Amino acid sequence: MDIRFGNGFDVHAFGPGDGVTLCGVHVAHDAGLVGHSDADVAMHAATDAIYGALAEGDIGTHFPPSDPQWKGAESHVFLRHAAEMAQARGYSISNIDVTIVCEAPKIGPHAARMRKVMAGIVGCDLDRLSVKATTSERLGFTGRSEGIAALATCALVSA
Ligand SMILES: Nc1ccn([C@@H]2O[C@H](COP(=O)(O)O)[C@@H](O)[C@H]2O)c(=O)n1
Ligand SMILES: C[C@@]1(CO)OP(=O)(O)OP(=O)(O)OC[C@H]1O
């Protein structure tokens, strides 16, 4: 059996708005996230983890931020592309683990919905898709609430 691991990391800055999209779920907040796409920082990290496991570059390789086609795009397009690429290569997703770093909004109340949405997009069982959160104890840019960071790890197994 062939096993591949990938990691992903992304950051988006807070800007004007009344909510953020994280793992495909709208979460009300006193700010939005700035991005070329919908700025779903957590979904971008998960997408990059899959590309990383495949050694297939990163999200910007496949969806250049310079391409107006992706302006305002919903990030499920990117995640689905990565998952389908894995499947086409003969891999299935063993698990994905996402960590969201922000002081606010609180992720816990939305984590179950986020897991369900992401598992549906990549086509894996719910118990293979994890979404967690932490603050950075008010330290650094996330601690100052300047933006949200997200990390993801993915394991692929040959089907
Ligand atoms: N945006 C966040 C941040 C944290 N949580 C939950 O709170 C727990 C404690 O966070 P610490 O940073 O103080 O360790 C964390 O384990 C999460 O369960 C959250 O839901 N949303
Ligand atoms: C997702 C893409 C798509 O244009 O745009 P952004 O929303 O800016 O996200 P980022 O993670 O900064 O860069 C990757 C881009 O490919």
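Q: Why does arginine 138 count as exposed in this model?
A: In this predicted model, arginine 138 has 10 C-beta neighbours inside 10 Å, and because a residue with 12 or fewer such neighbours is classed as exposed, arginine 138 counts as exposed. Arginine 138 lies in the loop between β6 (129-134) and α5 (140-143).

Q: Which value places alanine 55 in its exposure class, and where is alanine 55 found?
A: Alanine 55 has 8 C-beta neighbours inside 10 Å, and therefore counts as exposed, the limit for that class being 12 or fewer. Alanine 55 is found in the loop between α1 and α2 (59-62), just after α1, and takes a positive phi of about 55° although it is not a glycine.

Q: How do you know that helix α1 has the length expected of it, and how many of its residues are buried?
A: Helix α1 covers residues 41-54, and its 14 residues reach 20 Å from the first C-alpha to the last, which is close to the 20 Å expected at 1.5 Å a residue. Of these 14 residues, 13 are buried, and the helix is accordingly described as mostly covered.

Q: Why is aspartate 10 called buried?
A: Aspartate 10 has 22 C-beta neighbours inside 10 Å, and because 20 or more are required for the buried class, aspartate 10 counts as buried. This residue is found in strand β1 (residues 3-15), and, leaving out residues up to four places away in sequence, it touches Val41, His44, Ala45, Asp48 and Ala150.

Q: What makes histidine 12 buried or exposed?
A: With 23 C-beta neighbours inside 10 Å, histidine 12 counts as buried, since the threshold is 20 or more. Histidine 12 is placed in strand β1, and its contacts beyond four places in sequence include Leu33, Val34, Gly35 and Ile148.

Q: How do you know that the residues of the "binding site" annotation cluster in space?
A: The UniProt annotation, from an unreviewed entry, covers Asp10, His12 and His44. Although these residues are spread over 35 residues of sequence, the largest C-alpha distance is 10.1 Å, and they cluster in space.

Q: Why is threonine 99 called partly exposed?
A: Threonine 99 has 18 other C-beta atoms within 10 Å, and because buried requires 20 or more while exposed requires 12 or fewer, threonine 99 is classed as partly exposed. Threonine 99 sits in strand β5 (residues 91-101), and its contacts, not counting residues up to four places away in sequence, are Lys132, Ala133, Thr134, Ala150 and Leu151. The C-alpha atoms of threonine 99 and serine 130 are separated by 8.4 Å, although the two residues are 31 apart along the chain.

Q: What makes the bond between alanine 104 and proline 105 a cis peptide bond, and where is proline 105 placed?
A: The omega of the bond joining alanine 104 and proline 105 is about 5°, and the bond is cis. Most peptide bonds are trans. Proline 105 is in the loop between β5 and α4 (111-122).

Q: Which residues surround ligand 1, and how are they divided by class?
A: Ligand 1 is surrounded by Cys102, Lys106, Ile107, Gly108, Ala133, Thr134 and Thr135. By class, this shell has 3 nonpolar, 3 polar and 1 charged residues.

Conventions
Residues numbered from 1 in each chain as written. Chains lettered and ligands numbered in written order. Predicted model: local features only at pLDDT ≥ 70, side-chain atom pairs only at ≥ 80, totals over all residues. UniProt positions renumbered as here; feature names shortened; annotations may be inferred. Helix = DSSP H or I, 4+ residues; strand = E, 2+ residues; numbered from the N terminus. Contact = placed C-beta atoms within 7 Å. Near = placed C-beta within 6 Å. Nonpolar A, V, L, I, M, F, W, Y, C, P; charged D, E, K, R; others polar. Expected span 1.5 Å × (residues − 1).
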